[in-house]
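User: Hey, I'm new to this one. Can you walk me through a few spots?
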Amino acid sequence: MANNRNIVQLTGQSKPVDVTEPYDPAWVGGKTILITGGASGFGEGFFRKWAANGAIVIIGDINDARGKALVEEVRTATGNQHLHYLHCNVTEWQSQVDFFHSAVQLSPNNAIDAVVANAGIIDTGTPFQLPENLDAEAPPKPNFSCYDVNLLGVMYTSHLAFFYLPRNPRYKNSSPNASGLPSSNTPDRHLLLIGSVASLCPISGLVQYGIAKHGVLGMFRSLRSTSMNQGVRVNMLCPYFIDTPLIAAPGRVLLAGAAIGRPEDVVDAGTRLMADPRIVGRALVVGPKVRLDDDGQLLPEDSKDGKQVSIWEPYAHDFEEVDAFTQRFVQLLNAVEKTRGWVGWASDILGAFAYPLRNLWRERP
């Protein structure tokens, strides 16, 4: 009996990612890629890797001195002159609007192929569970900058991406995962969200960070079920504790004796998702490199058996057996769009223009 709760085909989701399958980083060549928070951390790692493989990369950050120096350094090292830095404060809507506007002008194709919503910070500002002086007559507004950067900023970036990516003139009449073997200079429409292991499980004490990263996961799971209707593929990375400056001394003390991940594994996972347009609606968790047997059980580090793994896929099969509501709702959305076609679209456009007139008519004396 057919499984009518399987909506993989309806959503356009690709098969689970086989991280042992080889890919070519040069497949990013020729793509115009925007990265928020690109002057340091994972953003810098992506920038260096993709620039070296011929991509047109435009990074945005608030650290202007570092961003400009990084671009000049990588231009010199790679000979790639299609690298740019723009100031971008992800918590400010107009700053992100200006970033996207300017990026389109800097692109040789006047188009954007991919957007990486990468900017992020660790918990800062007001400790969520230690409020003070709230009994004052006018208590100060709490500083939730971690939430603002890690979720509101990601929402702004993604909202703008869904305006520009479907309008990519290089990519017409094709679905993201319909292509054959990828190659360089392949047009794309790709939104890569940067979540965290904190998207999947709680991390004690990091309340704002956990709220924000759970929100990014919710955005990913919602967007990937319908984004193919706009020809946009959405993927996500969820790094574990990775050896970067983001982990300050107190965090390193708490993690003492435990394995942490390597930045190069995060860059590798992100490059796989960015380079291969056949990957749609998938998330990868990046953690410490461990050795596992065929049943997924941990082996000693010095064992010659099994294989080394640092990348796993969560939510790999959740569209294969969905709840009745999700299955029917996605089917309904697809059926309605198909049935209404261009006539329905035209009707909605006319209705949108007529809406203010209808309101004026209702409000007349």
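Predicted model: local features only at pLDDT ≥ 70, side-chain atom pairs only at ≥ 80, totals over all residues.

User: Helices first, then. At what angle do α2 and α3 pack?
Analyst: Helix α2 covers residues 41-52 and helix α3 covers residues 64-78. They pack at about 25°, and their axes are 10 Å apart.

User: Is that roughly parallel or roughly antiparallel?
Analyst: Roughly parallel, because angles under 35 degrees count that way.

User: And which hand does the crossing of α2 and α3 have?
Analyst: That crossing is right-handed.

User: OK, new topic: the surface. Which residues make the nonpolar patch?
Analyst: F128, Y147 and I211 make it, and the patch comes to about 280 Å².

User: Where is Y147?
Analyst: Y147 is in helix α5, which runs over residues 145-164.

User: Where does N110 sit?
Analyst: In the loop between α4 (93-106) and β4 (114-117). N110 is partly exposed, at 45% relative accessible area.

User: And what about the phi of N133?
Analyst: Phi of N133 is positive too, near 60°, and N133 isn't a glycine either. The loop between β4 and α5 holds N133.

User: Is N133 buried or exposed?
Analyst: Exposed, because its relative accessible area is 56% and the cut-off is over 50%.

Key: Residues numbered from 1 in each chain as written. Heavy atoms only, no water. Patch = residues over 30% accessible without salt bridge, like charges linked within 9 Å, V, L, I, M, F, W, Y side chains within 5 Å. Areas by Shrake-Rupley, 256 points an atom, 1.4 Å probe, with all protein chains shown as cover. Salt bridge = Lys/Arg side-chain N within 4 Å of Asp/Glu carboxyl O. Helix = DSSP H or I, 4+ residues; strand = E, 2+ residues; numbered from the N terminus. Axes fitted to C-alpha atoms, helices over the stretch in contact; angles between N-to-C directions. Parallel < 35°, antiparallel > 145°, perpendicular 65-115°, else oblique. Left-handed = near helix turned anticlockwise from the far one by under 90°. Buried < 20%, exposed > 50% of the residue type's maximum accessible area, 1.4 Å probe, protein only.
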